[in-house]
Amino acid sequence: MRNFYLIVFVTIQISTIYASDLTGYFQSDFNISENHSAPSGFRLRRINLIYAKKVLENAKILTDIEFEDGLELGTNGGIGEIKISRGYGELIINKNMEVRAGKFLTPYGIYNEIHDFSASYVPIDPPLFFRKNLFFSNTSSQRAISKYSTGILINFNHKKFHLQGGVANGEQQKEDGSDQNRSPLTLIRMTYEFWDQAWIGMSFQRDKINTSSRPRWENSFAFDLQFEGQQYIFQTEFFQGKKWNRTTGVQSTNYQSVSTLLGHNLNDDFIGYIRYDVFIPDITKSENNTQEYGMGLNYFVNYYTIIKWESYQESLATSWVQKKDYLTHKLSLSIVY
């Protein structure tokens, strides 16, 4: 059923698979976890309204408005959020090159460009590396890289080689969307199909962040390998980078992360898989890490609807939390319309 993932990916990227310019994405989950700090019960993860329009023969625009985590608005506050997840214009230079300007999901690793669309990949959630968590601080959740970028991105394709490169504001932005410092984020993503349905990839980010002492540079590198055959799906990624303490700016940590997934097409309607993730925020304290290992099953109701089940064990240990193990069960429904 790899064609299903391809259809979903094309739909959320350019929204031209339907006659209408307006498409959407819906996802709702049900969670049961031994980790009482994790969301439990039913959860409306997100609803996306995606509008794409070809405005010229060689130009198009895309707007993706996301309603996340059961958005509620009112005088007493609310939960969730509404945001423009993506909004950009794209100019087609020739058959090999496109230039994109605006806000987009940062090209990084296998998952970040499809981070919010569970139907476009095998597990329910992306690997640990891509999630916002208390990996680097006990007071605020942070990401290892910038999930979104506002800037300019160049896409170049030649036969089996794909290159993305650009400059953007990076992780820290002001309320008006401008950068907090004058040094933009630099990003590169390369993939090469070295065998039929087998890809090797490399990603790099360099970003300057503001701390209480002075601006600091952060670098992040990723290597990935993936294969999608008629019977099996295999993915593995390795990440390494540096993260600075936002409060003091005088201490940095070098982190590493690895994720691996093996899936098997049981028949035309079911894919079973196993996965393993580990994130080490500071490689000098490798005993402080988060690990997840589990198994799951995807059921393709049709080309636009998918039901997922996953059970996994989470082992969490940080400098401020003693090692604990949690068992979590998840059920997810995703619909592309």
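## Gln164 and its polar partners

Let us start with one side chain: that of Gln164 makes a polar contact with the side chain of Glu113, at 3.4 Å. Another polar contact, of 3.1 Å, joins the side chains of Gln164 and Asn155. The structure is a predicted model, so please read each distance here as a value computed from that prediction.

Gln164 is found in strand β7, which spans residues 161-168. Is Gln164 buried or exposed? Gln164 has a relative accessible area of 5%, and because the cut-off for burial is under 20%, Gln164 counts as buried. Leaving aside neighbours within four places in sequence, Gln164 is in contact with Pro107, Glu113, Leu153, Ile154, Asn155, Leu187, Ile188 and Arg189. One of these, Leu153, is eleven residues from Gln164 in sequence, with a C-alpha to C-alpha distance of 6.8 Å.

Apart from neighbours within four places in sequence, Val167 is in contact with Gly151, Ile152, Pro184, Leu185 and Thr186. A further reference point is Ser149: its C-alpha atom is separated by 8.5 Å from that of Val167, and the two residues are 18 apart along the chain.

## Aromatic pairs across the chain

Take Tyr25 and Phe117, whose ring centres are 5.2 Å apart and whose planes meet at 70°, so the pair is edge-to-face. Tyr25 lies in strand β1 (residues 22-33) and Phe117 in the loop between β5 (97-105) and β6 (148-158), so this pair ties together parts that are 92 residues apart in sequence. Tyr25 is buried, with a relative accessible area of 0%, and Phe117 counts as buried at 1% relative accessibility.

How are the rings of Tyr108 and Phe239 arranged? Their centres are 6.5 Å apart and their planes lie at 20°, so the pair is stacked. Tyr108 belongs to the loop between β5 and β6, while Phe239 is in strand β11 (residues 232-244), so the pair ties together parts that are 131 residues apart in sequence. Both Tyr108 and Phe239 are buried. Ring pairs also link them into a cluster with Tyr111, Tyr121, Phe129, Phe130, Tyr255 and Phe279.

## Arginines over rings

Two arginines deserve a glance as well. Arg100 lies over the face of Tyr88, at 4.2 Å from the ring centre. Arg206 lies over the face of Trp217, at 4.1 Å from the ring centre.

## The largest nonpolar core

Which residues have the most contacts inside the largest nonpolar core? They are Tyr108, Phe129, Tyr255 and Phe279, in a core of 37 residues. Several strands each supply at least two residues of this core: β2 (41-56), β5, β6, β8 (185-195), β11, β12 (252-265) and β13 (270-280). Of these, β13 gives the most to the core, with three residues. As general background, nonpolar side chains in soluble globular proteins tend to be buried together.

Tyr108, Phe129, Tyr255 and Phe279 are also members of the ring cluster described above.

Strand β14 (residues 290-302) and β15 run antiparallel and are joined by twelve bridges. They form a hairpin with two residues between them. Within this pairing, Met295 stands opposite Ser311 in β15.

On to the next pairing: β15 and strand β16 (residues 324-336) pair in the antiparallel sense over twelve bridges. Here Gln313 stands opposite Leu327 in β16. How many of the twelve residues of β15 are buried? Nine are, and strand β15 (residues 305-316) is mostly covered.

## Positive phi outside glycine

Finally, two backbone angles are worth checking on your screen. Phi of Lys159 is near 55°, a positive value in a residue other than glycine. Lys159 sits in the loop between β6 and β7, and with a relative accessible area of 78% Lys159 is exposed.

Gln197 has a positive phi too, of about 65°, although it is not a glycine. Its place is in the loop between β8 and β9 (198-209).

Technical notes:
Residues are numbered from 1 along each chain as its sequence is written. This is a predicted model: local features need pLDDT of at least 70, side-chain atom pairs count only at pLDDT 80 or more; totals for chains, interfaces and linings use all residues. Side-chain values use heavy atoms; hydrogens and water are left out. Rings of Phe, Tyr and Trp (its six-membered ring) pair if their centres lie within 6.5 Å; planes under 30 degrees apart count as stacked, over 60 as edge-to-face and the rest as tilted. Helices (H or I, at least four residues) and strands (E, at least two) are DSSP runs, numbered from the N terminus. Buried means under 20% relative accessible area, exposed over 50%, partly exposed in between (1.4 Å probe, protein chains only). A charge sits over a ring if NZ of Lys or CZ of Arg is within 6 Å of the ring centre and within 35 degrees of the ring normal. Contact means heavy atoms within 4.5 Å. A polar contact is a pair of N or O atoms within 3.5 Å; within protein, one must be able to donate a hydrogen and the other to accept it, and residues adjacent in sequence count only if both atoms are side-chain atoms. A nonpolar core is a set of buried Ala, Val, Leu, Ile, Met, Phe, Trp, Tyr and Cys residues joined through side-chain atoms within 4.5 Å. Two strands pair if DSSP finds at least two bridges between them.
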